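Please read them with the structure open.

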Number of protein chains: 2
Amino acid sequence: MLVVQKYGGSSVANAERIRRVAGRVIQERDKGHSVVVVVSAMGDTTDDLIELVGGITGSPPDREMDMLLSTGEQISIALLAMAIQDMGSPAISLTGGQVGILTDDAHTKAKILKINTDRLQKELKQGNIVVVAGFQGIDQHNDITTLGRGGSDTTAVALAAALKADVCEIFTDVDGVYTTDPRVVPEAKKLDLVCYDEMLELANLGAAVLHPRAVELAMQFGLPLHVRSSFNNNPGTLVKEVDDMERKHVVTGVACDYNVAKIGLFDVFDRPGIAYILFKALADEKINVDMIIQSAMRDDRNDIAFTCPQGDLKKALEVVERLQPEVGSEGFTSDDGVAKVSIVGAGMVSNPGVAAEMFEALYQEGINLEMISTSEIKVSCIIKAGQAEQAVRALHQRFNLAGRV
Amino acid sequence: MLVVQKYGGSSVANAERIRRVAGRVIQERDKGHSVVVVVSAMGDTTDDLIELVGGITGSPPDREMDMLLSTGEQISIALLAMAIQDMGSPAISLTGGQVGILTDDAHTKAKILKINTDRLQKELKQGNIVVVAGFQGIDQHNDITTLGRGGSDTTAVALAAALKADVCEIFTDVDGVYTTDPRVVPEAKKLDLVCYDEMLELANLGAAVLHPRAVELAMQFGLPLHVRSSFNNNPGTLVKEVDDMERKHVVTGVACDYNVAKIGLFDVFDRPGIAYILFKALADEKINVDMIIQSAMRDDRNDIAFTCPQGDLKKALEVVERLQPEVGSEGFTSDDGVAKVSIVGAGMVSNPGVAAEMFEALYQEGINLEMISTSEIKVSCIIKAGQAEQAVRALHQRFNLAGRV
């Protein structure tokens, strides 16, 4: 069996933890498996490197940032390979370039184009545990690139797919994926199984255990992921394609995202092209618009509302103000004291009453819904941020998530 | 004109110094020159990395040490390239592998086999200042190697030779090469010019400004080196081939090395093969033997004495003790309270009285000579360590080195 494991920065934050990871990796190999381990930079390394840049320049070029930051993972892989060898098993470390991860040249946010697995296969055949630097690759000019946010997860999934691995284990500091944030709802249950679609929604909604980009890639290749704790041996959450037969629950989890701002435009012209003008301008400014709602209030006028990350609010308001004459809005409003509460579940598709049940639960708590957006496997509501925890608890109870088996 | 500059770890120890180096490099480019800059790891980086290893293993594999330590220079080049760009000049950083430095696979002490300058030439042609990581290369397996001691000096000289650079400037924290250590002899003079042979002896004798390996390489390619301070614009010391006509002084400098231990064997057998047995055994233990003296004291018995670095003394004594029956020595002695004082000068070859003058000067100071060794351009004496400074001062005065122009 071929196993790909990924350990995040907190799992390799110091020498003792690196030795613990080494023990865990060796345990897997001693079962007779081939093992590839992907690691991130140690704990604070990346922050320390970024701090160094602060003394040099306010606008570091992307190529040189990649040259700099990629050293973080290189340090981790060398130390982990040393630890594994010290504990008696053969190991070799490989950088993103050495492992054959070819990316485009979009420095600091590169995309993987191709993986040449020759070196990897050779090292595995020689019986080595292969320790790979996550987050990095090289482009066609032999320049070092980094993959941006979620990079190490993406490296692990991409390698597992390229090697046709039997499983890809994502080790993290929690036990797996939960029905909701256990800090908010102590009864929250660990999920044994979620399907890709659900995981993708949960990942996008801020359940930070796994990056959406990695989930997408796993889905694309039908690769099972196992999200589990690096601090114990408990089984975690399996992410894979799930048959309808297996679905026991309509709603799988409740998620909450506080990084949301809401903008509303009143009385824009009711004619073709208005939405295009507005959202094209926002996209040009690289503002990540999430929910969009348009509603005809009167005969020839519309209201348009949308949400974006709080960091983009200022830029978004500038765009909205600039476009006022063009879209004809009589005024606009914004609010960053809101949160997005969502229920996720692949079973919703065939259960049309789920959204109504959600609205009822929130109504009973006296929570006002400012915006609503639905997809096939998700219902999201924008509410006041101060009521978000109350909403999460109410929904977790309403859909009986603590009673899951 | 094509200039290769090399800056050591103390010259790039923090953000402020990196920006100072950037300014200096840009100054050179603004004269219309093409500039390649080789840098070492920042100040303590290498020590910090080695400390990390201490928590992981007592016997790190060489390949993984190279993987780890090479990150030090990679951090420096990224930051220096950022600083240069921030100050308005185009720059690009390249690792040893990217710059095409192919080495053998002797990890931690690799030798450069070949340099493929394609990428370098391309970047220079595009007007970039090229910032190269010293001390590192890749082997034929695409694995990262490091060059061991004096590695960054060697990288700079090798690149300058491969590019047929007009000059290779070695920036350090002193003004150049001195007639002797200015901390011991305040009248010591900076040398404007030394030839390769002299520099090689001075470098080997502990004048730490330039590694002997880099001097050898420069000599082999007839490449002029300019040793100068990174803290001021003073002209430093030029190291190059010197015509006899130019030699004004018989003795160029006085050097002193405290890292010496002396071992003597009494009454070894006087028959062929004895020296071979002894020094082969020492070489097998990788003990770096420096001076060797054999003297026939009586008819059929010999004494043999040799010196080695103090760190090798224990191992050397073990070898000597083990071989006692085989070489027939009646006893042995050792002393690590000694120092080696040397005078160096290419003019000695044609001035046979120089050694005698040295002995006279030391005799007048009441200094006893324990061992003597001579080469064409050097005379070295082993004396008590406590008298070494006195000896250096006396020799500096005797050969009128403070009066040089």
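How many aromatic pairs does the rule give over all chains? Point 2 takes this up, after the conventions.

1. This is a predicted model, in which local features need pLDDT of at least 70 and side-chain atom pairs count only at pLDDT 80 or more, while totals for chains, interfaces and linings use all residues. Residues are numbered from 1 along each chain as its sequence is written, chains are lettered from A and ligands numbered from 1 in the order in which they are written, and side-chain values use heavy atoms, with hydrogens and water left out.

2. The count comes to four aromatic pairs over all chains, where rings of Phe, Tyr and Trp (its six-membered ring) pair if their centres lie within 6.5 Å, and planes under 30 degrees apart count as stacked, over 60 as edge-to-face and the rest as tilted. One of them is the stacked pair of A:Tyr7 and A:Phe171, with 4.5 Å from centre to centre and 10° between the planes. Since A:Tyr7 belongs to strand β1 (residues 2-7) of chain A and A:Phe171 to strand β9 (residues 167-172) of chain A, the pair ties together parts that are 164 residues apart in sequence; strands here are DSSP runs (E, at least two residues), numbered from the N terminus.

3. A:Tyr7 counts as buried at 1% relative accessibility, and A:Phe171 is likewise buried, with a relative accessible area of 1%; buried means under 20% relative accessible area (1.4 Å probe, protein chains only).

4. In chain B, the rings of B:Tyr7 and B:Phe171 are stacked, with centres 4.5 Å apart and planes at 10°. B:Tyr7 lies in strand β1 (residues 2-7) of chain B and B:Phe171 in strand β9 (residues 167-172) of chain B, so this pair ties together parts that are 164 residues apart in sequence, and both residues are buried.

5. Turning to the interface, the contact (heavy atoms within 4.5 Å) takes 42 residues from chain A and 42 residues from chain B. The two chains bury about 3200 Å² between them, 63% of it on carbon and sulfur atoms, the buried area being the accessible area (1.4 Å probe) that two parts lose on being put together, summed over both.

6. Across this interface the rule finds two salt bridges, each a side-chain nitrogen of Lys or Arg within 4 Å of a carboxyl oxygen of Asp or Glu. A:Arg119 forms a salt bridge with B:Asp143, and their closest N and O atoms are 2.8 Å apart.

Technical notes: Helix = DSSP H or I, 4+ residues; strand = E, 2+ residues; numbered from the N terminus. Buried < 20%, exposed > 50% of the residue type's maximum accessible area, 1.4 Å probe, protein only.
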